[in-house]
Amino acid sequence: MGLGFEIKKCSKDSRARIGLVRTSHGPFATPAFMPVGTQATVKALSPHDLRGAGVEIILCNTYHLYLRPGHKVIGELGGLHQFMGWNGPILTDSGGFQVYSLSKLRKIEEEGILFQSHLDGSRHFFTPRLAIEIQEELGSDIAMVLDDCPPYPCTYERAKSSVMRTLRWAESSKEAKGLEGQALFGIVQGSLFRDLREECLKGLTKIGFDGYAIGGLAVGEDVGKRLATLRDLLPQMPPESPRYLMGVGTPYEILEGVKMGVDMFDCVIPTRNARNGTLFTSLGKLNIRNSQYKTDKRPCDPTCNCYTCKNYSRAYLRHLYVSKELLAYRLGTIHNVAFFMNLMERIRRAIMEENLGALEEEISIYFGQEDEHGLLSLCDG
Ligand SMILES: [Zn+2]
């Protein structure tokens with residue numbers, strides 16, 4: 001369909017690989033991290049800021065844009081790229097996860113999901129076909145199929161019915177797909193049940209997609225169980241297609257995912273943390289509101305080359321945060337997003353140089369195995 005994927009190098013001592021994905025709006029290097037632009041904006045940043053921070057691809061949330069301003073409005077205005085002034089690649093999710101996590105009174109039926117908007121209580125019925133129609137109107141480069149995300153924890157029976165429904169919906173999604181130049185990814189569900197994950201993956205590869213995503217993780221399970229599920233599943237995923245781990249994660253989890261062969265990640269951690277004053281640095285995280293930074297002349301991270309670190313001191317950033325000045329959110333987000341982009345760059349370099357172990361050691365010293373996902377929704381709202 002609308003995607004080219006070229007694997008440039010595979011690591012000798014892990015499943016890590018570097019590659020290049022070509023989309024209708026340009027290429028991006030993998031392993032890639034996608035900042036989350038829920039409402040057609042990565043909060044506090046302009047497209048110029050995103051480029052400056054090294055961002056190549058962003059994610060936007062279908063559920064939010066369908067409810068407001070509406071996909072038809074965005075379509076009339078020339079599509080999502082033109083609407084938000086970002087001419088790089090965009091991936092849109094299917095809206096399924098947000099329907100589960102945000103909407104009221106949802107009811108899963110065979111044909112789709114009935115739900116009430118979290119904004120005004122209006123009723124909507126999401127079907128696999130509608131999720132495709134919305135994403136085609138938005139004109140994203142990579143669209144996702146509507147899937148049935150079971151809650152966590154869930155019984156084997158519930159997870160099994162979710163896999164069966166996800167497969168039926170994946171088939172309808174592929175049938176509904178018509179837009180040239182837009183790729184479509186399938187989503188593997190199955191909760192923490194190994195056989196169900198395998199069954200889902202097999203069904204999806206039989207239908208055939210441009211890429212395969214792992215959904216239903218980072219929803220409250222502990223990090224050990226999440227990694228064990230990935231360890232079982234990833235070796236079975238088609239090597240020739242991009243693999244996308246949805247909603248993950250922390251620097252540690254990204255690195256673990258990369259070692260297992262994941263090519264794409266998205267997460268609200270850099271942007272959400274920036275807004276509450278938690279900034280990532282090469283020596284771990286710092287809370288910039290802390291009084292110890294009151295007269296600190298150093299940049300947030302002396303090793304960082306971002307606009308914020310090149311121009312402002314910790315003391316100034318702290319002042320902005322404490323005073324609740326709007327610039328704090330922009331400068332903090334620029335830095336955190338740049339940190340994640342630098343991390344991905346370093347990961348790709350380490351794969352190229354067969355040196356991932358040293359980077360892993362550094363990340364585990366400064367960031368450890370902490371889990372920030374909890375039960376947060378996977379949109380930056
Ligand atoms: Zn910086």
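Ala 40 counts as buried because its relative accessibility is 9% (buried means under 20% relative accessible area, exposed over 50% and partly exposed in between, with a 1.4 Å probe and protein chains only). Its phi is near 60°, a positive value in a residue other than glycine. Ala 40 lies in the loop between β4 (32–35) and α1 (47–52); helices (H or I, at least four residues) and strands (E, at least two) are DSSP runs, numbered from the N terminus. Ala 44 is found in the loop between β4 and α1, with phi near 80°, and is partly exposed at a relative accessible area of 38%.

This is a predicted model, in which local features need pLDDT of at least 70, side-chain atom pairs count only at pLDDT 80 or more, and totals for chains, interfaces and linings use all residues. Residues are numbered from 1 along each chain as its sequence is written, and side-chain values use heavy atoms, with hydrogens and water left out.

## Zinc site

The zinc ion is coordinated by Cys 304 (SG), Cys 306 (SG), Cys 309 (SG) and His 335 (ND1), at 2.1 to 2.3 Å. Donors are N, O and S atoms within 2.8 Å of the metal (3.2 Å for Na, K and Ca); water is not among the atoms, so sites may look incomplete. The angles subtended by the four donor atoms run from 96 to 118°, which makes the arrangement tetrahedral (for four donors, all angles between 85 and 135 degrees). The spacing of the donor residues in sequence is C-x1-C-x2-C-x25-H. Cys 304 and Cys 306 are both buried.

Ser 191 is in the loop between β11 (183–188) and α8 (194–207), and is buried at a relative accessible area of 6%. Its C-alpha atom is separated by 38 Å from that of Cys 304, 113 residues apart along the chain. Not counting residues up to four places away in sequence, Ser 191 touches Tyr 152, Cys 154, Ala 159, Arg 197 and Thr 229 (contact means heavy atoms within 4.5 Å).

Tyr 152 is joined to Pro 153 by a cis peptide bond, with omega about -5°. Pro 153 is found in the loop between β10 (142–144) and α7. A cis peptide bond also joins Val 248 and Gly 249, with omega about 15°.

## Helix α7

The buried residues of α7 include Ala 159, Arg 165 and Trp 169. Among the elements covering the buried residues of α7 are β11 and α8.

Key. Four donors count as tetrahedral if all angles lie between 85 and 135 degrees; four count as square planar and six as octahedral if opposite donors are over 155 degrees apart and all others between 65 and 115; anything else is irregular.
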